[in-house]
Amino acid sequence: MPYEVIARKYRPQRFSEVVGQEHVTQTLGNAIEQKRIAHAYLFCGPRGTGKTTVARIFAKCLNCTGGPKVNPEDTDARCVEITEGRSLDVLEIDGASNNGVEQVRELRETCKYAPASSQFKIYIIDEVHMLSAAAFNALLKTLEEPPPHVKFMFATTEPEKVLPTILSRCQRFDLRRIPVSLIVKHLAHIATLEKVAVEEAALHAIARGAEGGMRDAESALDQLISFCGEKIVEGDVLCMFGLTSQGQILTLASAVLKGEAETVLRELNELAKHGKDLGRFLADLLGHFRNLLIYQVSRGDLKLLEISEGHAAMLKEQSPLVTTEALTRIMEVLTDSESRLREAASKKIFVEVALLKTIQAREAVQIDTVLKQLQKLRSEQPGPAIKPQAGPPATPVPAPAKTVSPPKPAAAAAAMTAVSPTVVANPMGGDLDLTGLWQNVLEAVGRASPFTRSYLVEAQPLSFSKNVLTIGFDPEFGDRLGLVDNSRTHSLLQTKLQELGRANAQVRFILAERDSPPAPPKLPVQPLAMPPAAPVKPAIPVPQAAAVAPPSKARKPAAGHLTAQDFKDDPLIQKALEVFKGQIVEIRA
């Protein structure tokens, strides 16, 4: 007997043997039992997940003796013919080779004839997306209204390339990638039948390399049996396929989370020295951080992860080392690096830089966090008074002395009264310091949302009557009224007012002219005492060549009065626009 590879030798022959596609096999089985068999089916999914296998099993169920049956006998003559590919009524067509209009026209002519010995004439077209547009159009009418004895079964890895008019005439079944745990279990069963000893770590390595495809995993096991004989260990799998061991990935991930750049570079150098696939290594490392993120979010629920017990213990150990936000930034760096690795001239240098960026991403701080911290420091610790710096001694110029008498106590009291904060009647008893209350509200809002506070800075409290705080905006800042007059801001202000002892308070925003500040009190001034005039020294002649014209005031505004163009040209403003990718919308004095 000629040798038969494992992928064909252990190919499923009935729906119950198909691994990981229960949503497809159960639906087809129910359709057979209920006699609701459609005329066209489309099976799509990644390679090696069982598309053609399911189509063959379905064909055996329809054309078996006494069928249709969900579980036909393996020894049935018609089923044996289909399994061996010599049935006259089940035709398998390669869409890549027969993709022209002529082949489709021939199919249309032959499908008119009744089946030779079975109940149905079944056409299985593999890689149907390879058919040309003209061939698809030629198939449309036959596919929509075929003869009662004809069934079409299509298989493809790229359903997006199939015309929508074809898709609408088929029942579509999407086959999924097979989970690692199911692949490991199936490979262990095959190894037992083949009398080969395979380590569990080796089985997990094969399953990881298969990327959800059972046929790829079976082919890899077949190759390893030829390479290793009757005993297979993890090192053999890693050596043959250039994979990175799970232990190396966990060690390197721990070094990234601890910020140990030297360890990261040493581990990567060892991987590159032994010829590991760096692209696959990045994918495995990204998968580990993904598992760690899900472990944190799910609070240790292992049902969402396909990992071994050792891997679960390592996730538990690494979880306290990093926050969820830092993990998200690390995954963003690795995802970007994985997509750009193909274009890199030196893959090793590129991966080294990517891993160093992950360490920096772990230690980075979001801009929102920085703003909140700055706002907190500003509210808790008032800045020190700025003292004028001592400049170079100026040339003394005689000037008349001014003598100002100190203000009288009555005048000082009047000044204090003029600038006192607004006081209104307090419905809870006593007087309410409305200005003080508003300042406290602004500080509380700033700690929760610095951006909302920036919109409210130009507002002013107008009244607090019947438990309603009325807040006014000057028409000059009327555009901010639409930014804050919403349910989110109302809820935030009501919460902060409740924290300040104003339970069930409501907020109302209106347009109102800003009150002009009170005029400063006039203080009595004593008459100025003029000293005797000092003798004037003769002017020193200045040569004409050394005469210097005074600077023009029109070129530069006075100190403290910057123009809009000066603001735009400021280096700090330009740097901020570059960092935050922003633009200046409006400039106000």
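1. Let's start with the surface. In this predicted model, six side chains, I367, V370, L374, L377, V579 and F580, come together as a nonpolar patch with about 530 Å² of accessible area in total. Two helices, α18 (367-380) and α25 (571-580), each give two or more residues to the patch. The top contributor is α18, with 4 residues.

2. You will find I367 in helix α18. The reasoning rests on the cut-offs, because buried means under 20% relative accessible area and exposed means over 50%.

3. Next, have a look at the three-stranded sheet. This sheet is open, with strands in the order β10-β11-β12 and mixed pairing. Its edges are β10 (460-465) and β12 (506-511), each of which pairs on one side only. On average, neighbouring strands are turned by 25° against each other, direction ignored.

4. Between β10 and β11 the strands run antiparallel, joined by 5 bridges, and S465 stands opposite V468 of β11. Strand β11 (residues 468-473) pairs with β12 in the parallel sense, over 6 bridges. There, T470 faces R508 in β12 as its opposite number.

5. Helix α23 (residues 487-499) lies across β11 and β12 and runs at about 125° to β12.

6. The turn between β10 and β11 deserves a quick check on your screen. These two strands form a hairpin with 2 residues between them. Which residue there takes a positive phi? That is K466, with a value near 55°.

7. My last point concerns T142, which sits in helix α6 (residues 133-144). With a relative accessible area of 12%, T142 is buried, because that value falls under the 20% cut-off. Which residues does T142 touch, leaving aside those up to four places away in sequence? They are R108, C111 and F152.

How values were computed. Residues are numbered from 1 along each chain as its sequence is written. This is a predicted model: local features need pLDDT of at least 70, side-chain atom pairs count only at pLDDT 80 or more; totals for chains, interfaces and linings use all residues. Side-chain values use heavy atoms; hydrogens and water are left out. Patches are made of residues with over 30% relative accessible area and no salt bridge: like charges are joined within 9 Å, nonpolar side chains (Val, Leu, Ile, Met, Phe, Trp, Tyr) within 5 Å. Accessible areas come from the Shrake-Rupley method with a 1.4 Å probe; for residues, only the protein chains shown count as cover. A salt bridge is a side-chain nitrogen of Lys or Arg within 4 Å of a carboxyl oxygen of Asp or Glu. Two strands pair if DSSP finds at least two bridges between them. Axes are lines fitted to C-alpha atoms, for helices over the stretch in contact, and angles run from 0 to 180 degrees between N-to-C directions. Contact means heavy atoms within 4.5 Å. Buried means under 20% relative accessible area, exposed over 50%, partly exposed in between (1.4 Å probe, protein chains only).
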